[in-house]
Each structure stands twice: as C-alpha cells, then as structure tokens.
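User: I'm new to reading protein structures. Could you walk me through this one, feature by feature?

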Amino acid sequence: MKLAGLVTAGGLATRMGGPQVADKALLRPWGADGPTLLERAHGELTRLAAPVWVACRGGRSYAGYACVTDAVADCGPMGGIEAGLAAAEAAGCDALLVLACDMPFMTAALLERLTAARAAWCGSKGETPLMTAFTLRDSGRFQCLTAVYDVAVLPRLRDCLRAGRFGLYGVTPPERRCLVPFEEDELPFFFNVNTPEDVLAAGRGRPGQPQGLTLSGL
C-alpha cells in the first residue's frame, strides 16, 4: 500500500475566538521552545506516510509545508479530506491517513494500528475498506479525523459535498468500514484542543504523552 498523509488545519477555531484571534495549528502548548500543533502532527504522520499534505482553508497556507485547499468552502473537515484524497489519487497513492492538527497526544504508534487493521481486513475480505477508523470500544461511534480513507471513497465524498451533506459519518457504508477499538484508558490520546483551557491542559502533558499515561503496550 502506498500511503499518503493529511493534517487537517483548515478550521475556524471558533471556540478560540475565531481565526482573527488564534490559528490553532500555530499554537505552542509546551512553550516557546516546544513544537507547534502543526509541527507535531506533521512529524507523526511523516513516520508512516509520504507525501504528507496540510489541508488549509482558502487564502491560508503554511510556509515550509505542502498545502492543499478545500475545493468547497465552509464544509468542515470534509473539504480538506476531499482535497487530500484528490492529491493522493494524483500522486498514485492507495489511501490517505488523516490526522487533525489539534490532537497533541496522538502518536504514530497508535496510528499504526489503523494501517495494520486495514492490511488485515484486505487479507481476510479480499477488498479494501473505504475507511479505517478508531472507535471507543462498544460506543458505536468512530473517530473520523484519525482515520485512513481509501482513494476509492472519493466519488462518494464528492457526491456528499455536492448534496450539501458535510457529515463524515455518512460517507461510508457500514460494511466497508474497518473499525479499530481503543479503550477508555486511552481516551487522553484522542484529546483535542478547542479552547484556551484546552491549550493549558495540553501543556500539562508532554507532546505525544498525556499526563499520567505511558506509552507502554501501545
């Protein structure tokens, strides 16, 4: 499998006061000497995928990064994922590993569970899942922004965009989803930064390691 990567960084940061107040991708929860949220997410993805793009809203880009821009404005992360999948297809990649920039504790080690589960699914079913995503065990819900999307999902995603349906949960049929369970004690790894209080909370951990949790066994 040729795997590309995408960091989603095109949000409006409304709970931070909007893009005119804060760009979440450039926040440094661990101080001036620590990485930005974008640097950290991009670094984790480059351990597993190449090329890696950053999905940006229109009129925004990040120096030093390969950026893709939503073809449809104001449609949430679906627009960035569509742009990333289009770039992956053009680059001859099979799938796209997506990570939101505002998840300071997600690690390449955890993301490898997705790629391993996708490979196992392909081996057992003889077809690729359209989406491979984390799910909290027995919750019935899955994490759309820590997921692998097969390039074959692109027509379905574009149909949803044209119809004005911007919810990622409805893009893939259940029988083409590979869901990878995680446990309650791993929830901190899925923490995301939405508010100024969340920035402070992230700063109390270490990049990739929430306070009080170790990576042993992951």
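This is a predicted model: local features need pLDDT of at least 70, side-chain atom pairs count only at pLDDT 80 or more; totals for chains, interfaces and linings use all residues.

User: How many bridges join β1 and β4, and in what sense do they pair?

Analyst: Two strands pair if DSSP finds at least two bridges between them. Here β1 and β4 (residues 95-100) are parallel, with six bridges.

User: Is β1 enclosed or open?

Analyst: Check burial, where buried means under 20% relative accessible area, exposed over 50%, and partly exposed in between (1.4 Å probe, protein chains only). In β1 (residues 3-8), six of the six residues are buried, so the strand is largely enclosed by the rest of the structure.

User: Which residues sit on each side of β1?

Analyst: In a regular strand, side chains alternate between the two faces of the sheet. For β1, one side has Leu3, Gly5 and Val7, the other has Ala4, Leu6 and Thr8, and all of these are buried.

User: What does Thr146 touch?

Analyst: A contact means heavy atoms within 4.5 Å. Thr146 lies in β6 (residues 142-150) and is buried, at a relative accessible area of 0%. Leaving aside residues up to four places away in sequence, its contacts include Val98, Leu99, Met103, Phe134 and Phe190.

User: Zooming out, what pattern does the whole chain follow?

Analyst: Helices (H or I, at least four residues) and strands (E, at least two) are DSSP runs, numbered from the N terminus. This chain has five helices and seven strands, in the order β-α-β-β-α-β-α-β-β-α-β-α. Its radius of gyration is 16 Å, close to the 17 Å that the globule rule gives for 218 residues, so the chain is as compact as a globular protein of that length. That radius is taken over C-alpha atoms, and the rule is 2.2 Å times the number of residues to the power 0.38.

User: How much of the chain is buried?

Analyst: Buried residues make up 51% of the 218. As for contacts with a separation of 6 or more, 70% come from residues 24 or more positions apart.

Technical notes
Residues are numbered from 1 along each chain as its sequence is written. Side-chain values use heavy atoms; hydrogens and water are left out.
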